[in-house]
Amino acid sequence: MTENKKQYLHLLLLADEEEEMIDRYLDRGDMFIMEAGGVKGVCVVTHEDGGAFEIKNIAVAPGEQGKGYGKKLLHHILHLYKGRGDVMYVGTGDSPLTLPFYEACGFEKSHQIDNFFTHNYKEPIFEAGKQLRHMIVLKKSLH
């Protein structure tokens, strides 16, 4: 998807709760749409310094979650970027809903960005009953 990316804002907001944050990466990122009898999911990947890429947003449509679409989309993205750089990063909250998903897809913890969510978002973000404060950055080799 190269034009009119904001038409999928409702899905992007599932993974990143503030439009202002999405605006920081949407135009410079590659956007992918998963369709199978309708839109199932979206993903935005940015090219970072030093041969690195970062998944900035990946979301599956409500009603389609828990059916394996997120995992399929993530594996497709990793396949597309394999050999184009050295590493794929993804940042997420310290949540039992997201960390196991990425780890099951072969990502490993890289580092933590302290107070990312409390410093960069206007409203507190809660996931699984826990306020997100620190961003956990995971990585996977693209070789």
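A salt bridge is taken here as a side-chain nitrogen of Lys or Arg within 4 Å of a carboxyl oxygen of Asp or Glu. In the predicted model, the structure holds eight salt bridges. One of these joins Glu19 and Lys6, whose closest N and O atoms are 2.6 Å apart. Because Glu19 belongs to helix H2 (residues 19-23) and Lys6 to the segment before H1, this pair ties together parts that are 13 residues apart in sequence. Glu19 counts as partly exposed, at 35% relative accessibility, and Lys6 counts as partly exposed at 35%.

A salt bridge is also formed between the side chains of Glu20 and Lys122, with an N to O distance of 3.3 Å; this pair links distant parts of the chain, 102 residues apart, with Glu20 in helix H2 and Lys122 in the loop between H5 and strand E6 (126-127). Glu20 is partly exposed at 43% relative accessibility, whereas Lys122, at 65%, counts as exposed. In the pair formed by Lys56 and Glu54, the closest N and O atoms are 3.3 Å apart, and here Lys56 is partly exposed, with 26% relative accessibility, while Glu54 is buried, with a relative accessible area of 17%. Salt bridges with shared partners join Lys6, Glu19 and Asp23 into one network.

The largest pocket holds about 950 Å³ of space. Its lining comprises 39 residues, of which Ala15, Ile58, Thr92, Thr98 and Tyr102 are the closest to the pocket centre. Among the elements that give two or more residues to this lining are helix H1 (9-15), strand E3 (52-60) and helix H3 (69-81), and E3 provides the largest share, seven residues. By class, the lining consists of 19 nonpolar, ten polar and ten charged residues.

Technical notes
Residues numbered from 1 in each chain as written. Predicted model: local features only at pLDDT ≥ 70, side-chain atom pairs only at ≥ 80, totals over all residues. Heavy atoms only, no water. 1 Å grid on protein atoms, 1.4 Å probe; cavity = no way out; pocket = protein on both sides within 12 Å on 5 of 7 lines; lining within 4 Å. Points joined across faces, edges and corners; volume = space filled by probe spheres on them. Helix = DSSP H or I, 4+ residues; strand = E, 2+ residues; numbered from the N terminus. Nonpolar A, V, L, I, M, F, W, Y, C, P; charged D, E, K, R; others polar. Buried < 20%, exposed > 50% of the residue type's maximum accessible area, 1.4 Å probe, protein only.
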